[in-house]
Structure formats: structure tokens, C-alpha cells
Amino acid sequence: MQDTLTVAGAQQDMRTAYLGGAPGLFVSGTVWTIAGLVCLWKSPQDAVWALYAGGVLIHPVSSLLTRLLGRSGKHAAGNPLGMLAFATTIWMIMMLALAYGISLWRIELFFPAMLFVIGGRYLTFATLFGTKLFWVCGAVLALAGYGLAALHAPPAVGAFAGGAIEIVFGVIVLAALRGTRETLRVSA
């Protein structure tokens with residue numbers, strides 16, 4: 001990228017390369033849903049590890065999905081927002097230790113805690129992609145985390161809530177891209 005890259009240009013590059021973040025939302029929502037199923041079929045403790053193991057796969061699987069949908073899945077070299085994406089990934093990984101500690105204390109608070117962590121990360125996506133929808137997504141995830149904790153919801157409910165919220169926002173992000181120059185380009 002040029003040294004004179006504007007913020008708007010960097011955001012456009014991120015939206016184009018990553019299809020607005022929609023594939024990541026779909027993959028992450030799927031991981032949350034799988035964790036919910038593990039919670040029901042095995043145990044909440046196993047669901048914690050399912051979310052963590054699946055979380056490791058979110059970026060590579062969403063990059064593959066993005067490429068299958070006709071986008072590069074890589075931002076331009078020199079895009080300064082790439083470092084913001086990296087920094088928020090490191091922050092999120094550090095917060096996993098906190099959420100795990102919470103799970104050892106009270107397992108029913110693990111998924112609400114993770115909803116706060118992921119919701120906080122999505123707030124930065126509003127800057128990364130230049131899309132205010134991520135402010136709403138982050139707020140909805142955090143409010144769900146608060147509500148589930150306040151209601152003492154079973155762990156599976158928190159996992160399924162995270163999955164549903166992310167998948168719904170993936171659909172919303174794709175719908176918002178429709179009709180713009182950033183629409184889906186699937187190769188025939």
C-alpha cells in the first residue's frame with residue numbers, strides 16, 4: 001500500500017479482502033454452536049475446550065471460506081489496520097486465561113465471560129472495517145453475556161447465544177455489502 005494511505009482506504013482494503021468480516025462471523029458462530037452441542041452431549045468443561053480448540057481454527061477456516069467466496073482473505077501489505085487486527089487478537093488470547101479462570105470458579109459464567117471478550121473484540125472491527133454494524137454486534141454480545149450471567153443461564157444457553165448472534169450478524173454484514181461495489185464475487 002502507498003505511504004499516503006487514508007483510513008478510509010485501509011478500511012476499504014480490509015472490507016474487500018475479508019468480505020466485510022462475514023465469513024469470520026459465520027465460522028466463529030459455528031464454533032460457538034459446536035461448543036453448545038458439546039456442552040449438551042458431554043459436559044460444560046469439555047465445551048470450554050471445544051470453544052478454545054475451535055477458536056484456533058476460526059482464522060484459517062474463515063480465510064479459506066473467504067477465498068472460496070472470491071476474495072483474497074489477505075489485506076494489502078503495509079495496511080496499518082493489519083497491526084490493529086493482530087493486536088486485538090493478542091488481547092483476546094490474553095483474555096482467554098481470564099475466562100478459563102472464571103470457568104474454574106463458576107462454569108456457568110464461562111460463556112457469558114467469553115461473550116464479553118468477543119464482544120469487546122468486535123468493537124474494534126468497527127474501526128478495522130469501517131462498519132458501525134460491529135458496534136451493534138459487540139454490544140449485543142456483551143448484553144447477552146450480562147443477561148445470561150444475571151439470569152444464571154445454563155452454560156449451553158450461553159454457547160448457543162454466541163453462535164446465534166454471530167451467525168445473524170454474518171448475514172447482516174453480507175446483506176449490508178449487497179448492492180455496493182463490495183458485493184460477493186463468486187467464481188463460476
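Q: What classes of residue make up the lining of the largest pocket?

A: The lining has 22 nonpolar, 12 polar and 2 charged residues. Ala, Val, Leu, Ile, Met, Phe, Trp, Tyr, Cys and Pro count as nonpolar, Asp, Glu, Lys and Arg as charged, and the others, Gly among them, as polar. A word on the background: this is a predicted model, in which local features need pLDDT of at least 70 and side-chain atom pairs count only at pLDDT 80 or more, while totals for chains, interfaces and linings use all residues. Residues are numbered from 1 along each chain as its sequence is written, and side-chain values use heavy atoms, leaving out hydrogens and water.

Q: What makes a space a pocket rather than a cavity?

A: The search uses a 1 Å grid over the protein atoms alone. In a cavity a 1.4 Å probe fits but cannot get out, whereas a pocket is an open set of points with protein on both sides within 12 Å along at least five of seven lines. Lining residues have an atom within 4 Å of a point. Here the largest pocket has 36 lining residues, and Ile58, His59, Thr89, Arg121 and Phe125 lie nearest its centre. Two or more lining residues come from each of helices H2 (22-41), H3 (44-68), H4 (81-105) and H5 (110-129). H3 gives the most, with 9 residues. Helices here are DSSP runs (H or I, at least four residues), numbered from the N terminus.

Q: How much space lies in the largest pocket?

A: About 910 Å³. That volume is the space filled by probe spheres set on the grid points, which are joined across faces, edges and corners.

Q: Why is threonine 66 called buried?

A: Buried means under 20% relative accessible area, exposed means over 50%, and partly exposed lies in between (1.4 Å probe, protein chains only). Threonine 66 has 3%, so it is buried. This residue lies in helix H3. Beyond four places in sequence, Threonine 66 touches Ala17, Tyr18, Leu19, Pro23, Arg71 and Gly73, where contact means heavy atoms within 4.5 Å.

Q: Is tyrosine 18 buried or exposed?

A: Its relative accessible area is 16%, so tyrosine 18 is buried. Tyrosine 18 is found in the loop between helix H1 (7-17) and H2. Its contacts beyond four places in sequence are Pro23, Thr66, Gly73, Lys74, His75 and Phe129.

Q: What makes leucine 19 and histidine 152 stand out in their phi values?

A: Neither is a glycine, yet phi is positive in both: near 50 degrees for leucine 19 and about 55 degrees for histidine 152. Leucine 19 sits in the loop between H1 and H2, and histidine 152 in the loop between helix H6 (133-150) and helix H7 (155-177). At 0% relative accessibility leucine 19 counts as buried, while histidine 152, at 57%, counts as exposed.

Q: How do you know that there are 0 disulfides?

A: A disulfide is a pair of cysteine sulfur atoms within 2.5 Å, and a search of the whole structure finds 0. Cysteine 39 is buried at 9%, and cysteine 137 is buried at 1%.

Q: What is the average pLDDT of the chain?

A: The chain averages 91, and 92% of the residues score at least 70. pLDDT is the predictor's confidence in each residue, from 0 to 100. Over residues 182-188 the score stays under 50.
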